[in-house]
Amino acid sequence: MTMTDTAADRLGSASSGNALELRGVTKLFGALAALTDINLTVRPGERRAVLGSNGAGKTTLFNCVTGDFLPTNGSIRLFGEDVTSFPPQERIRRGLRRTYQISLLFGGLSVIDNVYLACRGVSRGRFSMLRPRRNDTLMARAAELIEAVHMTPLKDTMVRNLAYGQQRQLEIALALSGAPRLILFDEPAAGLSPTERSELIAILMGLPGHIGYIIIEHDMDVALRVATSVSMMHNGRIFKEGSPEEIENDPEVQELYLGGGHG
Ligand SMILES: Nc1ncnc2c1ncn2[C@@H]1O[C@H](COP(=O)(O)OP(=O)(O)OP(=O)(O)O)[C@@H](O)[C@H]1O
């Protein structure tokens, strides 16, 4: 591809105004096709659930979007820019965030210190173990993010003393640090109690409208409440897209997923 082609390509995609565009994304692990010809478009501020049974390819899809995996084929555009070969850090700089199923929190630090460090790391693009002088703007931002995940009364609590569900809420605050425009949530409701799930739904629904997200979630009640659109995956392919209502009432989805004993 020539420089001119690339520039024209980027311009064309930018004018489409999408947060994320996957075109023909395939990911092979040896002979195994974890993803086959995935086409996915997410608009700015859109809230998309990606559902599917175990091994459907959901996590691999996230890993390709974040840059942890390079797709075998296909292209990925983030906010109009072709990021297919960009490393994860370059995608983070463009407003992409991700939460993991495993905790990345510092147990020996308070809630506010964890969020402060995340804000500081994103603002500098690197992380220093030296204790810097506190930056008041970043501290104020950290306090805002703690409020956004309903944890202000716990801001001085040591993370190791938080309940599991509270730690998951805090991970959302970390994902909100910097200026995210698209967040990938990896099973945020896993292991939560019914009360914690209700709290999670309220937090996700209360996020600022310009922040879009994609949520992988086995809990259909959570996924269909917090999403405005749904992609159904099976065997590495997206086989259906629709509104939460359309997906919930779709006979093929019910057969394959809802009634199939998966999840
Ligand atoms: N690093 C890897 N090396 C080899 N195979 C992999 C790798 N990662 C995933 N796979 C395979 O790719 C397929 C899709 O896996 P993936 O983890 O993306 O599914 P999933 O939908 O996220 O499943 P789950 O709901 O169980 O997390 C599976 O067959 C899995 O074994």
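Strands β3 (residues 47-52) and β9 (residues 229-234) run parallel and are joined by five bridges. Keep in mind as you look around that this model is predicted. Gly-52 is a handy landmark here: this residue stands opposite Met-233 in β9, and Gly-52 is also one of the residues around the ligand.

**The sheet**
- Strands of a sheet pair through backbone hydrogen bonds, and the pairing can be parallel or antiparallel.
- In this model, β3 and β9 belong to an open sheet of six strands, which has mixed pairing and the order β6-β7-β8-β3-β9-β10.
- β6 (96-98) and β10 (237-242) stand at the edges with a single partner strand each, so one side of each has no neighbour in the sheet.
- From one strand to the next, the twist averages 20°.

**The helix on the sheet**
- Helix α2 packs on the sheet, where α2 touches β3, β6, β7 (182-186), β8 (212-216) and β9.
- The direction of α2 makes about 150° with that of β7.

**Around the ligand**
- The residues around the ligand are Phe-29, Leu-32, Ala-34, Gly-52, Asn-54, Gly-55, Ala-56, Gly-57, Lys-58, Thr-59 and Thr-60.
- Which element gives the most to the shell around the ligand? That is α2, with three residues.
- By type, the shell divides into six polar residues, four nonpolar and one charged.

Key:
Residues numbered from 1 in each chain as written. Predicted model: local features only at pLDDT ≥ 70, side-chain atom pairs only at ≥ 80, totals over all residues. Near = placed C-beta within 6 Å. Helix = DSSP H or I, 4+ residues; strand = E, 2+ residues; numbered from the N terminus. Nonpolar A, V, L, I, M, F, W, Y, C, P; charged D, E, K, R; others polar. Pairing = 2+ DSSP bridges. Axes fitted to C-alpha atoms, helices over the stretch in contact; angles between N-to-C directions. Contact = placed C-beta atoms within 7 Å.
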